[in-house]
Structure formats: C-alpha cells, structure tokens
Amino acid sequence: MLPSLLVYGLINSVTLALTALGFSLTYGISRVANFAHGALYVLAGFSAWFFLNRFHLNYYLAALLAVVLISLTGAAIYRFALIRVRGMPLLEIIVTFALGTAALEALRYFGFLGSHYSLPPLFRGSVNLYGVPVDAQRIALVVIGGLLVFTLWLFTHHTRIGLAFRAIAQDEQAAMMLGIDSDVMAALSLAVGAALVGLAAIVVLPLGYIATESGSNILVSAIAVCILGGLESTAGVIVASLLIGYTQILTVAYLGPHYQMIVALLAILITLILKPSGLFGKQKELEERV
Amino acid sequence: MRKKSLRISSLIAVVTIGVVLSSVTSGLSQQKGQPIVIGAPLSTQYLYGWGAQRAMLLAVEEINAKGGVQVGSARRPFRLEVLDTRDLEPGVPLSEAMLVVEKLILERKADILMGGPVRSEAALAAMDLIAKYKKVSILTTGALTPAYHQRIGENYAKYKYLFRITSQAGQLAKEATDLFEGLKQEHGFDQIFIMVQDVAHARAIGDIVGKNLAQKGWKVLGTEIYPTGALDYSTGLLKARDQKAQILFVWMDHPEIAILVKQWKELKIPTLPIAGISSAVEQPGGWANTDGAVANWVASPANAGNAPSNATPLTMKFYQAYTKRWLVEPEGYGTSSSYSAVYVLADAIRRAGSLDSDKLVAALEKTGMDSVYGKIAFDPKNHQVIPSYNPKEGAVGTWFQWQEGKRVVIWPSTIAMGKIRIPPGVTPPKGEAK
C-alpha cells in the first residue's frame, strides 16, 4: 500500500501543481485573481478535441494550437474586459468569474457534455514502479510538470519578458519608470497563465475525459494550492501541491474517497485563519507580524 | 325596398354559412381532439435524460401516426413537453428540478407527467409536489431508490398518482447477487470489492449487495464511496488489487466512470469488472470513448431492450425503430422503459376513457400488457412495476458484457445472447477461464 500511496500521491501533487501554476503566475505579476481559470482549462480541452476530431489535425499540432488559442483568450480577457476594472480587485474577480461561468454554461447549453469528449493519451504503455503499475501518460505528466517548473524559472530569470514580469511583480511603479508597460505585462501574464492551464489540460485530460463540470473543481483546487502556498509564490505552489496532493491520497486511502474534496476546502480555511499570506506568500506578512 | 330585402337576405345567408361552417369545424376539431400533453422533467444533457426523451418522442410519433389515443369517443394525439431538470449535474440544487415539475404542470398544462426527475433525491423531493396537484406521474428513468415505492405503499392515499415503470435498487441488487452467485458456482469466485457513487440509489445497492453476498459466504473486501464527479480512482483500484479481489463491482451513473474504466485497464487490475447502471459503460459508444478499455466489462442498463436481445417479439422491433429514428442504438437505462411507458399510458387512457387522474390510476393499476422488456403490470399497493426473470411474467432486467466491441447480453439466461467471458489475467478458482 505504501509504494502506491507514494507514487500516486506524487502524481496527484504534480497534477495539482500543473493546474495551479497559471493562476499563481498571473496573480503574482498582475495581481489579477483569474476566476476564469477553470473555464480556460475546460476550453483548452474542447479546443484540442475540436482540432483533433473536426479538423483532423495531428495530435501534437492540435494540442499546440489549443494552448495558443487559450493563451490568446487569456490576453483577450485582459484587453477587452479586465483593463476597464484594473486595480479594483473585487470587480476583477466578478468579471473573470462571470466570464468563466458564462463559458461553462454555454458549453453545457450547446451539449458539450458526456464521456465521448475525450482526448487520447499522448503516451501509451505502462511500467512497474516498486510493484505499482503506472501508465506512461502519468509518468509523462510528472516529467512535464518538472520541466515546466524549470522552464518557468529559466523564463523569469533569463528572458527580457520574464525579467519584466518580475520587475512588475516586485514594484509596479518603479518598473513603469523604467519603461515597462504595466498593461502589456498584465495582458501577457494572463496569456502565459492561460497557456499554462491549457498545457495542464492537454496533459491531464487524456487520463479521463473533458468534463465541463470539472471547471469549478479545477478553480477550487488551484485557489486552495495558491492560498496555502502563498498567492504569488511558485515555490509555494510546489510545496502546497505536495501537501494537499498527499493529504488527499491519504484521505482517500484511510477515510474514504468522499472526503477528498474537503481537503482542499479545509486547506483554504485553515490557511486563512492561521497564516493568511500562505506558506511562502509575502502579501500580508507585515500585517500578520503586527 | 327590394334592395333592403336583398341586403337582409345576404346577411342571413352569410350568418347561416358562418354558423354551418363553424359547427362543421368544431365537429372536426372535436373528432381530432386537443393534444394530450405529456410533461417530461428530464436531465436532458445526460444519457438517462436524452435517451428517455428520444424514446418517448418515438412512441408519441408512432401513436400519433396511427391516429392518436382513443379517449371516450374522440381520438387525441399526444404532445411531448420536455424541460431540463439538470438534476444529474453535480452542484445543481434540487430546487431546480422542483421548479421544472411545477412549470410543466402550471405553465405547460401537462395532463400527465412522465420520465423523471431523474436523480433519486430529486424524484423523492418531487413526490409531494406531484401529489399536491394530483397529476398522474410515471417514472421511467433514473430514480432507483427503493424509498420511492416504499413511500407510495406507506401513504397510498396521498401518493397513489405516482407509478414507477422501471426497476429499483432492491431488484437490481437482487439481480446482481444472483449473477454473482452464478459466477461463484461456475468459476468459484467469492471475493469482491465494491466501488459506488455517493448518491442514494448507488449507496443503497452497494449496501444491499454487500450484505447479501456476505450472508452467502462471500468476502466483501471493501466498499469505497466516491463523490459525484470524482476524477481519480487509482487508490480504490489498487486497494482492490492488493486485497486480491476477484470481482470489482461498480455502481456509478456519472460519466466520470469512463476514467475508472481507463484506470482499471492502465493499472492492470486483475478482476472481472461488473458495473451496474453506469452511463459510460452502457452506451454503444463506450468502446470508442474508452479506446477499448471497456472490453470485458459487464454492465446493466436495467431493462431489456436497452441492449440488443430477443427478450420479447417487441424488443428488436423497438431496437431497430429507435436506431432508424435516432441513428444510434438505444443507449442505456431509461430508453426502453420510457418508450413502453407511453404505450402503457395510451392503453390506460383508452380503458379509462378519460384523463381524470383517479380513473387513470385505476386503469394503470389494472395494466397487463406486453412490452419491449416483458409483461408490464404494477403492484397495486406501491405502484412499482412487477419484475421477473421471465419476460412472459414480468419486467425483465438485462446484463451485458463488452465483447469484441459489441454489447452481448449474458444474463439472465432467459434472454442471454452469449456467455460471460473472464478477462485475461484473472484466474478463476475453479479451473481455467472459459
């Protein structure tokens, strides 16, 4: 039992990290809590499905196009909706939540429900890890998750846009004085965050099917991970994903699967009560010390 | 003077012609009759909703094509009014389904309710509402909880307008138990692991089957209850594998069971998987949707006629008519029962000679007609359709196995079209797999 808990706990944790990274990155740079995050995940899945099954494109090309399309959608959300309410956090949440809900309801209305909307696995076959069978898609998920974190680090530390992202995240006004356009960076942060959740959808969805109703689950788990880890911290996302991921697997194993969803919600509650800035967050650190 | 009398006679002629024409058209319309409105509260975005809707519409079209239903001296057509209850969708409150039921009665002027609500919890909640309006309701899909007919039995005077023409959890649990006992006798299996969805009927079936089998000497290795919409089943599956389960019994009606099927294949869980009413496994598209991972899975779409068999002379007739009309085979639970319910209703209206609810209840209680899934008769005490393993005696269930991309009915033996196969990797205690 222990090896399977360790292996599947890690897979669950990486899945959580993959789906939360985009939310964390967008918030970290633009301070926009993108509540359309779950809807973008579902839309990415359906886009890939469409490119694959309606336009009969190569799977990798379909996946790439889906990620690009979702990334553009993220940028469009900022350019056409968020820019008007920039700096008003409550309105930003309302706008993104409304857009996400509308997108999911539209999908439901047009009949995008059911297990026939599924993506084939990118990788086939399975291996035995310490007596635990694991399929290639899940192994790929862990590898891609690791690569993504590394690439993100390289991007934010060694590219002009990445450095501009960090500058805006550290001090928006100082960054603007240096010629960095805050609106462009915010739109780019939405685009990159959306691309990340789109990529998560491409990697995770072949394990099951494209469920419209999973949009809200993805949003809740991403928020839980980001709140526990600290809203703008990538390191926090990784640690929080491991904590929540393993707690969920242990809960399923020893308490029962129907308590699984409570773990994420409890993580939000406990963090907000004990340490509102999260494990690695700096946002309210001073207030907490006071 | 002559001019005036000409005007008067013209006016009289016009009025006379008008009166004659109006009486003729009124006679014609009386002969044709107003449509009988069947209000169908269904979760239309899910298999158990759209299957029922299509089946009812097919039956309505067939009956109307033959001139409609005889009500006293008039023949009246059926009209189907469907509204989406969304009750199978996770997170949608039951109140939505209640509003739909009330809207069908008050706004759409439904004469009779048929179909759902589909989720057991919603169907139970709607009972009082339907009883309040004294509308005859025939449940044809979803809602399997035994509490439904038990409540009717306990308070007949209040709930006498409610009928259920499809199976119920107790009967399905009995069928599952008998199927497992057959497997025990033939192959020696006696270790089972149960995985069910966290909804009333599935929990009830998991509980009843577990208790039944334990009494019969089976080792029930565990029962896992999953929330609706769960996306990962690996821990439960690995538990089943580690505890050396021979049979994996699954009861989940949410589409996420497709994930479980894929994980069962990917994790190579050496068990014979038997799912009850489980949408993604039941559907003809199940093979393609799971990339063939559903091979060797056994499932029950509840009533015969939802998978191809020769249960009665009407079964394949319905099967082919449905396939021709909708370009897809009957896809699962709620299809053959919804189709048959329209015919049962037409028969009851004809015998009652009226749409009066009390007269209809009396007529429905005396139903005894052949259908797609056997003889239909209701228990007069609780209005539950009377089940049987023999289609000549009652409503018969059906269990099929996915074999080479096809749904082959393997149980009960009276309607079986093939024999159950043991999946590769599973060694039955009694000799080799057949």
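The model is predicted. In chain A, helix H8 (residues 182-204) packs with helix H1 (residues 2-30) and also with helix H5 (residues 136-158). In the largest nonpolar core, which has 128 residues, Phe78(B) and Phe180(B) touch the most other members.

**Helices H1 and H8 of chain A**

- The axes of H1(A) and H8(A) come within 8 Å and cross at roughly 175 degrees.
- Because angles over 145 degrees count as roughly antiparallel, H1(A) is roughly antiparallel to H8(A).
- On the H1(A) side the contact involves residues including Thr15(A), Leu18(A), Gly22(A), Leu25(A) and Ile29(A), while H8(A) contributes, among others, Met185(A), Ser189(A), Gly193(A), Leu196(A) and Ala200(A).
- The residues of this contact between H1(A) and H8(A) comprise 12 nonpolar, 7 polar and no charged.

**Helices H5 and H8 of chain A**

- H5(A) and H8(A) pack with their axes 10 Å apart, at an angle of about 165 degrees.
- These two helices, H5(A) and H8(A), are therefore roughly antiparallel to each other, and their crossing is right-handed.
- From H5(A), the residues Gln137(A), Leu141(A), Ile144(A), Leu148(A) and Leu152(A) meet Leu196(A), Leu199(A), Ile202(A), Val203(A) and Val204(A) of H8(A).
- The contact of H5(A) with H8(A) divides into 9 nonpolar residues, 1 polar residue and no charged residues.

**Nonpolar cores**

- Of the 128 residues in the largest nonpolar core, Phe78(B) and Phe180(B) touch the most other members.
- Helix H2 (residues 47-65) of chain B gives the most to this core, namely 10 residues.
- Beyond its neighbours within four places in sequence, Phe180(B) is in contact with Ile192(B), Val209(B), Leu213(B), Trp218(B), Ile247(B), Phe249(B) and Ile274(B).
- Another core, of 80 residues, lies apart from the largest one and includes Tyr41(A), Phe46(A), Tyr117(A) and Val204(A).

**Asn296 of chain B**

- Asn296(B) is found in the loop between helix H12 (286-289) and strand E12 (298-299) of chain B.
- Asn296(B) counts as buried because its relative accessibility is 16%, and buried means under 20%.
- Although 104 residues separate Asn296(B) from Phe400(B) in sequence, their C-alpha atoms are 9.6 Å apart in space.
- Not counting residues up to four places away in sequence, Asn296(B) touches Leu272(B), Pro273(B), Gln401(B), Trp402(B), Arg421(B), Pro423(B) and Pro424(B).

Definitions and conventions
Residues are numbered from 1 along each chain as its sequence is written. Chains are lettered from A and ligands numbered from 1 in the order in which they are written. This is a predicted model: local features need pLDDT of at least 70, side-chain atom pairs count only at pLDDT 80 or more; totals for chains, interfaces and linings use all residues. Side-chain values use heavy atoms; hydrogens and water are left out. Axes are lines fitted to C-alpha atoms, for helices over the stretch in contact, and angles run from 0 to 180 degrees between N-to-C directions. Helices (H or I, at least four residues) and strands (E, at least two) are DSSP runs, numbered from the N terminus. Angles under 35 degrees count as roughly parallel, over 145 as roughly antiparallel, 65 to 115 as roughly perpendicular and the rest as oblique. Contact means heavy atoms within 4.5 Å. Ala, Val, Leu, Ile, Met, Phe, Trp, Tyr, Cys and Pro count as nonpolar, Asp, Glu, Lys and Arg as charged, and the others, Gly among them, as polar. A nonpolar core is a set of buried Ala, Val, Leu, Ile, Met, Phe, Trp, Tyr and Cys residues joined through side-chain atoms within 4.5 Å. Buried means under 20% relative accessible area, exposed over 50%, partly exposed in between (1.4 Å probe, protein chains only). A crossing is left-handed if the near helix is turned anticlockwise from the far one by less than a right angle, and right-handed if clockwise.
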